[in-house]
Amino acid sequence: MRFEVPQFIEIEDKIIGPLTWKQFVYVAGGVGILVILWVSLPTLLFLLFGLPFGILAGSLAFHRVNNRPFSIFLESFLSYAGKGKLYLWRKDAEQSVIERTDTSDVAVPKLEFANRNSIHELSRKLETQIPADPHG
């Protein structure tokens, strides 16, 4: 028994002429708002308020940003713009590590020091953990 596997499942079907259902709804809604504004407002106010609605309707219907519908881009933008932003900087709580890799026969210890050690304490660790002169 053979089964047909659907192809191109991510492409929406063209329902009304060359438009998908979403595109038709966006265009029809935009035209509807423009007709209402044209009837109720003078020409200058119609241009002032109607032009952004027309551009928005056209963008929602036909424009794609990074191969994704404009509606997803607009939703992401409004979500980002509407949320509060809090930027925090935290110094790492882990201790810093200084490690030296050497191919000679001298064993170099791994040095660890806390955040508030002074240069004197670090110098003291270096003096006590590293041999004086292995080749001399």
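Q: What pattern does the chain follow, read along the sequence?
A: The pattern is β-β-α-α-β-β-α-β-β-α. Helices are DSSP runs (H or I) of at least four residues and strands are DSSP runs (E) of at least two, numbered from the N terminus. This is a predicted model, where local features need pLDDT of at least 70, side-chain atom pairs count only at pLDDT 80 or more, and totals for chains, interfaces and linings use all residues. Residues are numbered from 1 along each chain as its sequence is written, and side-chain values use heavy atoms, with hydrogens and water left out.

Q: How many helices and strands are there?
A: The chain has four helices and six strands.

Q: At what angle do H1 and H2 pack?
A: Helix H1 (residues 21–40) and helix H2 (residues 43–62) pack at about 175°, their axes 8 Å apart. Axes are lines fitted to C-alpha atoms, for helices over the stretch in contact, and angles run from 0 to 180 degrees between N-to-C directions. H1 is therefore roughly antiparallel to H2 (an angle over 145 degrees).

Q: Which residues meet there?
A: Among them are Tyr 26, Ile 33 and Trp 38 in H1, and Phe 46, Phe 53 and Leu 60 in H2. Contact means heavy atoms within 4.5 Å.

Q: Switching topic: where is Thr 20?
A: Thr 20 is in strand E2 (residues 19–20).

Q: Buried or exposed?
A: Thr 20 counts as buried because its relative accessibility is 7%; buried means under 20% relative accessible area, with a 1.4 Å probe and protein chains only.

Q: What is Thr 20 in contact with?
A: Leaving aside neighbours within four places in sequence, Thr 20 touches Glu 12, Asp 13, Lys 14 and Ile 15.

Key: Angles under 35 degrees count as roughly parallel, over 145 as roughly antiparallel, 65 to 115 as roughly perpendicular and the rest as oblique. Buried means under 20% relative accessible area, exposed over 50%, partly exposed in between (1.4 Å probe, protein chains only).
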